[in-house]
Amino acid sequence: MKGSTEKITIGHDHPPLNTVKVCRRTPLNRMFAAVYLAGALALFYHHARTLLSSTTISFFLIRFSFLIADIVLVFMWSTTQSFRMRPVIRREFPENLKPVLQNSGEFPGLDVFICTADPYKEPPLGVVNTALSVMAYEYPTEKISVYVSDDGGSELTLFAFMEAAKFAGYWLPFCRKKKIEERCPEAYFRSNYAYCSETEDIKIKYEVMKQRIDTTMERGKIGDEYVTKEEEREALRKWTYKFTRQDHPTVIQVLLESGEDKDNSDSSMPNLIYVSRQKSTASPHHFKAGALNTLGLSFTLVYILKLRVSAIMTNSPIVLTLDCDMYSNNALTPQHVLCYICDPAMDPKLGYIQFPQRFHGLNKNDIYASEIIPLFLSNPTGMDGLAGPSYVGTGCFFCRRAFFGPPSSMVVPEIPELSPDHLVDKPISSQEVLALANNVAGCNYEEDNNWGSKVGFRYGSLVEDYYTGYCLQCEGWGSRFCQPDKEAFLGDVPITLNDVLSQNKRWSIGLLEVGFSKYSPVTLGVIAMGPLMALSYAHYAFWAIWSLPITIYGFLPQLALLINLPIFPKVSDPWFILYAFLFMSSYTQDYIEFVLAGGTLQRWWSEQRMWLIRGVTSYLFGSVEFSLKCLGFPTLGFNVTSKVVDDEQGKRYEQGVFEFGVASTMFIPLTMAAMINLVSFFHGVIEISRGRRRMEEWFIGMFIAGFVTVNCWPIYEAVALRKDKGRIPTKTTIISVVLVFALYTAASFTSL
């Protein structure tokens, strides 16, 4: 939507590099927020009156439960409104960079961090494609350094990148010569590319590389026929019988060195470095953040490894973090970043530029709402009008200086070689550089220093990306949301419901860790960033508490229908209008925001359905697991989401069919909610049709049960109508039936 005001950022003597517009709907959003808040306060007044007039303990407890549910709903609604107080749209003009950067030597260096953890869940071929896509940026190759952090310490991943280094010598000049837009080989060769003999020759080379990597993965070991160079054999000899996933030395292998290695057109290649941090069974690991900080970033899981190692080897002023499956879809992405970094009028406190996560392979209606438009598009646009978007873990370009303390006072690292101002003047393959890089990648290096707390990516949460961005903005760093017309990055999506919910549960636990810590957005955030930015971060920190109102509204009104206990106003009651307004207006605003961000009606329906599903599964289980963790009970650790696609699962996903399949405990409350809503709705229909009840008195309860029933259609299919492997297991169905009956029995005794 076009803005009402426009700010043009220009230099002294060249055209604008970027513009920003405030969205025209902003005044309407603010007026709506005021009206809705008044309605919410009126609802609380109604709850208070109803509670005071309660005649039985059971009715009091039911009404009190709805009061708590509505308090949480209004709180979460208020956090959502923070995104809508000043949304902005930015635009960049890479074509105007020429007067600022007149030759390749003036381009700033770019260090790219790609993290992977398990070659069997994150196939090396996909990671290779991600690396090749950024190595082929329309950017001076001598300025690009790609660090592949293998937290699984797998020789199979190293071998895959040895093959990638060879193929890159053909792929990079081919991309430049043909000026192709799809610079991820896999994406390019599955597109409608222009046929020519040169293209077919490159495709054959890619298929050879692919076949060698896939064969090696199937065997589980590297064939001698594939290792032809002595330096390759030397690198692979590090994998001895003592080398295990959880106990091994640091491995840093320079696969390509700019200035030394040339492609087949005799042009310089970018740097390509494989890194696996040291691990010891006696030392704790911090998932991705630990991996990143060693390379030189300052974000917990993906940064600690890469931040330090990259500082020693290249120390580029710009750092890009990428998930292993998030390949580059736009060769000019770095130029969009430079439109901010190289703008002489830009705020010197700019810490990072975040691109939206976008995905390929989504089915038509995005049944699992994997696009997550609010998180990746709508909300960042709103935060961008305040102090800037949060860091979402991938597709983010950092200014290296931002990892070393507030803009006003840099935290000096323990050795000068790690400083963001340090100038690397030695080859990356020199013994001196490699020795120091191995040292800073050690598992005990962070003892008694500021890494992970004041420097680099931050430890303290399973969602290290959220926590790192939050800490940086509390320190005073700003950010920008960059959304070019052509998506900058495209990634994979999970295609089973269990994978989606497991991922969301992990996020929920990590976010609650921040929300209930001494660094909570509702305490430190308000002081450091102001109320609106604090509410924005609180929206994510307390994501999981959606489970409370969703669970209450998913079960209590339905039980009330079954035991003939009216709990909502009649249609003729003036309070009914308030309930209708609060529900319809919030859903309408949510739909409008979704569509304005590029969504469709069908995908919005999937989004709100998944919100309800998450409420009784991942949010609920995340909250319980977090509570148990706080009480000292053991919980599950970090799990890598599988990027491996089963053919049958993939086919069902393309058809828009939900994939359950496994007997996950999270499916039990989901199936229970589906059953109790279906039974209560048809029970109400029968009772009203027989004249035993009046529709006017039971309309709200019937509407809630009917609305949930419509949303639960995929669950009914998976319970009763499907015979494929993706259906809900019979064991889950039986347990759910027993628990629903027990719940109904307990409610019946309560009503006596």
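In what order do the 3 strands of the open sheet lie? The order is 10-15-12, and the pairing is mixed. The model is predicted. Strand 10 (327-328) and strand 12 (358-359) stand at the edges. Each has a single partner strand, so one side of each is left without a neighbour in the sheet. Strand 12 and strand 15 (residues 489-491) run parallel and are joined by 2 bridges. R358 has L490 in strand 15 as its bridge partner.

Confidence was examined along the chain. The mean pLDDT of the protein chain is 90. A score of at least 70 is reached by 93% of the residues. Residues 1-6 have a pLDDT below 50. In the model this stretch has 21 contacts beyond near neighbours in sequence. For residues 285-290, too, the pLDDT stays under 50. The model has 35 contacts beyond four places in sequence for residues 285-290.

Two helix pairs were then considered. Two packed helices are described by the angle between their axes and the distance between the axes. Helix 1 spans residues 26-52 and helix 2 spans residues 57-81. They pack at an angle of about 165 degrees. Their axes lie 10 Å apart. Angles over 145 degrees count as roughly antiparallel, and helix 1 and helix 2 are therefore roughly antiparallel to each other. Their crossing is left-handed. On the helix 1 side, the contact is made by N29, F32, A33, Y36, L37, A40, L43, F44, H47, T50 and L51. These meet F59, F60, R63, F64, F66, L67, D70, I71, V74, W77 and Q81 in helix 2. The residues of this contact comprise 16 nonpolar, 4 polar and 2 charged.

The second pair is formed by helix 17 (residues 547-562) and helix 23 (residues 695-711). The packing angle is about 130 degrees, and the axes are 9 Å apart. That angle makes helix 17 oblique to helix 23. The crossing of helix 17 and helix 23 is left-handed. Helix 17 contributes Y553, P557, Q558, A560 and L561 to the contact. Helix 23 contributes W698, G701, M702, I704 and A705.

Note on methods:
Residues are numbered from 1 along each chain as its sequence is written. This is a predicted model: local features need pLDDT of at least 70, side-chain atom pairs count only at pLDDT 80 or more; totals for chains, interfaces and linings use all residues. Side-chain values use heavy atoms; hydrogens and water are left out. Axes are lines fitted to C-alpha atoms, for helices over the stretch in contact, and angles run from 0 to 180 degrees between N-to-C directions. Helices (H or I, at least four residues) and strands (E, at least two) are DSSP runs, numbered from the N terminus. Angles under 35 degrees count as roughly parallel, over 145 as roughly antiparallel, 65 to 115 as roughly perpendicular and the rest as oblique. A crossing is left-handed if the near helix is turned anticlockwise from the far one by less than a right angle, and right-handed if clockwise. Contact means heavy atoms within 4.5 Å. Ala, Val, Leu, Ile, Met, Phe, Trp, Tyr, Cys and Pro count as nonpolar, Asp, Glu, Lys and Arg as charged, and the others, Gly among them, as polar. pLDDT is the predictor's confidence in each residue, from 0 to 100. Two strands pair if DSSP finds at least two bridges between them.
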